[in-house]
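Reader: I am new to reading protein structures. Please pick one part, look at it closely, then show me what else is worth a look.

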Amino acid sequence: MEFLQRLGRFLDRPGFPWKKLIVGFSVGQYIFEGLLSLRQYQILKHKKPPKVLEGEVSQEVFDKSQAYGRAKAKFGFISGLYNQIQSYGVIYYDILPKLWALTGVWLTRYVPEKYSGEIVHTLIFFFTFNVITTTLNLPIEYYSHFVLEEKFGFNKQTIRLWIMDMIKGQALMVVFGAPLLSGFLTIVQKTGNSFFYYLWLFSIGVQIFAITIYPIAILPLFNKLSPLEPGSLKTGVEGLAKRLDFPLKELYVIDGSKRSAHSNAYFYGLPWKKHIVIYDTLIEKSETEEVIAVLGHELGHWKLGHTTKLFGIAQFHMFYIFALFSVFINNRSLYQSFGFHNELPIIIGFILFSDALAPMDTVVKLLMNILSRTFEFQADEFAVKLGYSTQLAKSLIKLQIQNLSTMDADWMYASYHFSHPILPERLGALGWSSTEKANGNQTDSEKPIKASDREL
């Protein structure tokens, strides 16, 4: 505690150029990630697939995959530049202090005096800022869904559904965000210099609450969960869960095809009561044994303690973030660099602190991706020991083709961005040998499936 206070006093230096430093961090990270993307773009110009995939992927599928990868890369360059311009504009034109002052005027004029104070002011500021940023990002979001993804056959959303999802998201932001942000601010105000301990405990409680409430109150607003119908798949999954002593409570199918061709399977729940969710697109496009192999991989994460380890690491990371925040929360030189000369709003301090922490977060991201890829190899090996080596390999190849996923990657780009090993690496670890070439000529019933962010 004393060390953190001394560090805070040391970093609070009048006239220190915090604004230039943070802008430099942001520009430096953008340039670094841009250079990595340029390296990856050269890989996406290759004309032939990696040797391990030559017997699995047709030239037509490979060409489509490369084209999709290049399209996403170009979009990434443009959207990244757009976000960078936004961030610079917010800093250069002192949007934060101006918006804080404006919302303060609204507070005085339209809110009863008994509700005045930093918490209500912060809520008005936060939701106003959120509406502004959401609006500014609409062109990027629209292009991503209705131009890029549409072009390659992945988007299943209508504009009406897209708009409704945004409205629901904003409503949830108010319903859940207001009490959570109020709790965050109250803890900081009431618990003195040791607030980070209590914030950490609060965040753990919020995570447990989210795990409990998400499938009950939030997920049904966007998707429909239906019990998996009796049959060979349900029997196989229940048998796998029993074999591994997995505390399976419910087995669901989710209508992922309602919005996109995403395909995935995952589990959630408390340690003593778990639920498995399988996307309808995965069931539609895979053999029964392949789906079970996928779940063998996913349950491998649970059996090997990966989910517990990652949860523990996340809690440590959260604790260190809150502890470091205590160093910056009263740093007047930081606030003054961004136009806050008379007030030290907690939410502003946290925003600026997060910007200052960006370089360290980059290192954390790299280390977490390294750990995640290690866990993926271990989960693959676990599925192999269950007897699903061939089925898992076939499923990975099939999804790679249906998703038009990247067939190869620059090692630096992959190390920084990828939480999963690329397919050639996974097939090599599985000891896969080609048996027949995958079909690249897709019929109407074999249109691409785009995997979600958390792939197999």
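Author: Start with helix 12. It gives the most to the lining of the second largest pocket, with 7 residues. Keep in mind that this is a predicted model.

How much space lies in the second largest pocket? About 1,200 Å³. Its lining has 33 residues. To find the middle, look for Ile211, Phe267, Tyr268, Gly269 and Thr307, which lie nearest the centre of the pocket. Next, trace the elements around it. Those that give two or more residues to the lining are helix 8 (195-218), strand 3 (265-270), strand 4 (273-279), helix 11 (288-303) and helix 12 (306-328). What about the classes of residue? The lining divides into 18 nonpolar, 12 polar and 3 charged residues.

Now turn to the largest cavity. About 40 Å³ of space lies in it. How many cavities of 30 Å³ or more does the structure hold? It holds 1. The lining is a list you can check by eye: Lys19, Val90, Ile91, Asp94, Ile95, Leu96, Pro97 and Phe338. Two elements give two or more residues to this lining: helix 3 (59-92) and helix 4. Helix 4 gives the largest share, 3 residues. By class, the cavity lining has 6 nonpolar residues, 2 charged residues and no polar ones.

Stay with one of those lining residues, Asp94. It sits in the loop between helix 3 and helix 4. Phi of Asp94 is near 50°, a positive value in a residue that is not glycine. Is Asp94 buried, exposed or partly exposed? Its relative accessible area is 26%, so it is partly exposed.

Compare Leu404. Leu404 counts as buried because its relative accessibility is 3%, and the cut-off for buried is under 20%.

Go back to helix 4, which covers residues 95-110, and find Thr103 in it. Thr103 has 0% relative accessibility, so it counts as buried. What does its side chain reach? It reaches the backbone oxygen of Leu99, at 2.9 Å. Beyond four places in sequence, it is in contact with His121, Ile124, Phe125 and Thr128.

Move on to helix 5, residues 118-136, where Val120 lies. Val120 is partly exposed, because its relative accessibility is 25%. Leaving out residues up to four places away, Val120 touches Leu107, Val111 and Tyr115. Now pick out Ala178. It is 58 residues from Val120 in sequence, yet their C-alpha atoms are 9.3 Å apart in space.

At 22% relative accessibility, Phe350 counts as partly exposed. Which residues does it touch, beyond four places in sequence? They are Phe184, Phe322 and Phe325. Phe350 is also 162 residues along the chain from Val188, and the C-alpha atoms of this pair are separated by 11 Å.

Finish with the nonpolar cores. The largest has 53 residues. Inside it, the residues with the most contacts are Leu240, Ile276, Ile278, Leu282 and Leu295. Take Ile278 as the example. Not counting residues up to four places away, it touches Leu233, Leu251, Tyr252, Val253, Ile254, Asn264, Ala265, Ile283, Val291 and Leu295. Another core lies apart from the largest one. This other core has 39 residues, among them Phe322, Phe338, Ile346 and Ala356.

Two of those names have come up before. Phe338 also lines the largest cavity. Phe322 is one of the residues that Phe350 touches.

Methods. Residues are numbered from 1 along each chain as its sequence is written. This is a predicted model: local features need pLDDT of at least 70, side-chain atom pairs count only at pLDDT 80 or more; totals for chains, interfaces and linings use all residues. Side-chain values use heavy atoms; hydrogens and water are left out. Helices (H or I, at least four residues) and strands (E, at least two) are DSSP runs, numbered from the N terminus. Buried means under 20% relative accessible area, exposed over 50%, partly exposed in between (1.4 Å probe, protein chains only). A polar contact is a pair of N or O atoms within 3.5 Å; within protein, one must be able to donate a hydrogen and the other to accept it, and residues adjacent in sequence count only if both atoms are side-chain atoms. Contact means heavy atoms within 4.5 Å. On a 1 Å grid over the protein atoms alone, a cavity is a set of points where a 1.4 Å probe fits but cannot get out, and a pocket is an open set with protein on both sides within 12 Å along at least five of seven lines; lining residues have an atom within 4 Å of a point. Grid points are joined across faces, edges and corners, and a volume is the space filled by probe spheres set on the points. Ala, Val, Leu, Ile, Met, Phe, Trp, Tyr, Cys and Pro count as nonpolar, Asp, Glu, Lys and Arg as charged, and the others, Gly among them, as polar. A nonpolar core is a set of buried Ala, Val, Leu, Ile, Met, Phe, Trp, Tyr and Cys residues joined through side-chain atoms within 4.5 Å.
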